[in-house]
Structure formats: C-alpha cells, structure tokens
Amino acid sequence: MPLFAAMHRRFPSARLSALARRLALSGVLAASIHAPAQTALPAGYSRWQASMDAFAAADKLRQPQPDGVLFVGSSSIRYWAHMAQDFSSMPVVINRGFGGSTMDDCHHFVRQLVLQYRPRQVMVYAGDNDLAEGRTPAQVLESFQGFVRAVRAELPQAHIGYISIKPSPARAALLPQVRETNALLKAYVATLSNADFIDIFAPMLDAQGQPRADLYGPDRLHMNAEGYALWRGVIGPYLLPGPSTPAGLTAGGGASHQSDAAQRSVPVPAPATVSTSAALHSGASR
C-alpha cells in the first residue's frame, strides 16, 4: 500500500510497528484501510436521492398523520397541485408523487413513500414511464404485484387503488402497450380483496378513440387543469371516508366545504430536477 511504502522509506523497520500502532490508535491508519460506509441509494435508483431527501425534510417539518389517503406515483401525481383542495373532505391527503418515476421505482421505495405513513388507502399511478423506457406490460404488472405484496405485508387492511395508465397524445405510439398493461393490471386487481382498478383511460379518449388533446398542456404529456378536473371526478368516488370525515361529505366534495387549515393535508416538497434516459421519450419527467 502507498502508506506503508512511504513509511518504510522514512522510518527504520524496527520503529515501523510501533508507529503503525500509534497511527491505528489515532484513526489515521484505520481510515486509510477501511472505505467509508456507503449511504447512497443502490445503482439504478440514485437519481431519486434528492427526491427522497426532500420528502424526509418535509416530514421533519410536518409529519403526516396516519390513517390518511396517500397518492403515490409519477408526475401525474406530483403535479396535482390542488389535490388537497380537490379532496378536501378527506382529513389527511398525502402526495408522494415524484416526476419521471416508474412502477418499479414505486415498488423499490414503498417503505419510504407508503409504509411509514400508515395510510388507510393507497392510490397508485405509475406505469407509463416504464413503457416509455422499454419495459413490457408484464414487467409493469410484476412491479405492481411486488408493490401490493409489500403494502399488504405491513398494512393488510389498507385499501389499494390502481389508477390506469392515461392515454397521452405525446405517446400515442405506445397506446397498444398501454391498453395491454391496463388489461393485465385490471385482471390482477380483480383477484384482490379491498382493491380497485380505476379507469381514467377511457374517459380521456375522444370519439375516434384517440387521446383528448384538450386535457393536456403544450408538451401533450402532462395534464392541464381540465385534465385534473376529469381525474377528480373519476377518482373521487373511490376514496373511502375515514372515521374523522365530516358527516355528509363525499370524497369528491370539492374545496368549498372546508378551509385549507381544516384539512390537515400534506403538501409535497418541490421536486429536484433529474436527468434520465427517459428524457428521450417526449419529456424528462412524467
């Protein structure tokens, strides 16, 4: 080792062992031999380090209450800026979307994103980025199955809702794979208890069966306010009222029923910009 070679040149061999012991006691020799502990995320998931750190920082400022409704997934969740207002009848709404993520990512980070919050209901939107990055419908299904198993292992009573992959104009070429993936996941969810498959695909098609451009922004990939209004109308009836939900209010009850302060909803931290290979597929984050 370079350290020992330098020591041999500078010190007589008789003094070397004594010097080495002194260095070891001071921590210098130990530091030169042992590599520092690895704290980074595993290869393939390191692009989400900043996002996970941001969620952790937000939790330190205000820890979400348990027994809430948690939304997790890609940028269709992340950019739902008025989610808490749209579902104001829910006592706790937690947004843990991170733009550009895949169903595989949601499975990998299920403990950080879902389990630690102990929600009563988990709403998942992910899968279209998997397809855009070259994964197959069967692989998306496999990732979702792993996600469900992880949730049910620790939260057996949690209700799980899978929000179908949306038909984006920018990804019209992927519509056959999107249809296949939705069909696979719908069939799988049908085998589960306490779970829903929520179809937002069909309502987002026009009379010719093509994606409705009026529901999307200029990039034709991310939704505009009208798109989110459609999602609210479709998803709202699937949200289950909690024990503290005010009587007479429904999940899609609208923002006018409660003030923001009364909701105890949890905002999502600002996302970190990430650069991935998925940027080649009509937008860097979805």
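1. The structure, a predicted model, holds two cavities of 30 Å³ or more. The largest cavity has a volume of about 50 Å³. Rolling a probe the size of a water molecule over the atoms shows where empty space is left.

2. The lining. Which residues line the largest cavity? They are Asp128, Lys166, Pro167, Ser168, Arg171, Leu174, Leu175 and Val178. By kind, the residues of this lining divide into four nonpolar, one polar and three charged. Find them in the sequence, then look for them in the 3D view.

3. The sheet. Five strands form an open sheet. Their order is S2-S1-S3-S4-S5, and the pairing is parallel. Strand S2 (93-97) and S5 stand at the edges. Each has a single partner strand, so one side of each is left without a neighbour in the sheet. From one strand to the next, the twist averages 15°.

4. How many bridges join strand S1 to strand S3? There are five bridges between S1 (residues 69-73) and S3 (residues 121-125), and these strands run parallel. Glycine 73 stands opposite tyrosine 125 in S3.

5. Aromatic pairs. A pair of aromatic rings is described by the distance of the centres and the angle of the planes. The count here comes to 14 aromatic pairs. Take phenylalanine 71 and tryptophan 80. Their ring centres are 5.8 Å apart and their planes stand at 70°, so the pair is edge-to-face. The cut-off for that label is an angle over 60 degrees. Are these two residues buried or exposed? Both phenylalanine 71 and tryptophan 80 are buried.

6. A stacked pair. Tyrosine 162 and phenylalanine 197 form a stacked aromatic pair. The distance is 6.1 Å centre to centre, with 25° between the planes. Stacked pairs need planes under 30 degrees apart. Why does this pair tie together parts that are 35 residues apart in sequence? Tyrosine 162 lies in strand S4 (residues 159-163) and phenylalanine 197 lies in strand S5 (residues 195-198), so the link spans that separation. Both tyrosine 162 and phenylalanine 197 are buried.

7. A ring cluster. Ring pairs link Phe71, Trp80, Phe87, Tyr125, Tyr228 and Trp231 into a cluster. Two of these names have come up as a pair already: Phe71 and Trp80 are the edge-to-face example.

How values were computed. Residues numbered from 1 in each chain as written. Predicted model: local features only at pLDDT ≥ 70, side-chain atom pairs only at ≥ 80, totals over all residues. Heavy atoms only, no water. 1 Å grid on protein atoms, 1.4 Å probe; cavity = no way out; pocket = protein on both sides within 12 Å on 5 of 7 lines; lining within 4 Å. Points joined across faces, edges and corners; volume = space filled by probe spheres on them. Nonpolar A, V, L, I, M, F, W, Y, C, P; charged D, E, K, R; others polar. Phe/Tyr/Trp six-rings, centres within 6.5 Å; stacked < 30°, edge-to-face > 60°. Buried < 20%, exposed > 50% of the residue type's maximum accessible area, 1.4 Å probe, protein only. Helix = DSSP H or I, 4+ residues; strand = E, 2+ residues; numbered from the N terminus. Pairing = 2+ DSSP bridges. Axes fitted to C-alpha atoms, helices over the stretch in contact; angles between N-to-C directions.
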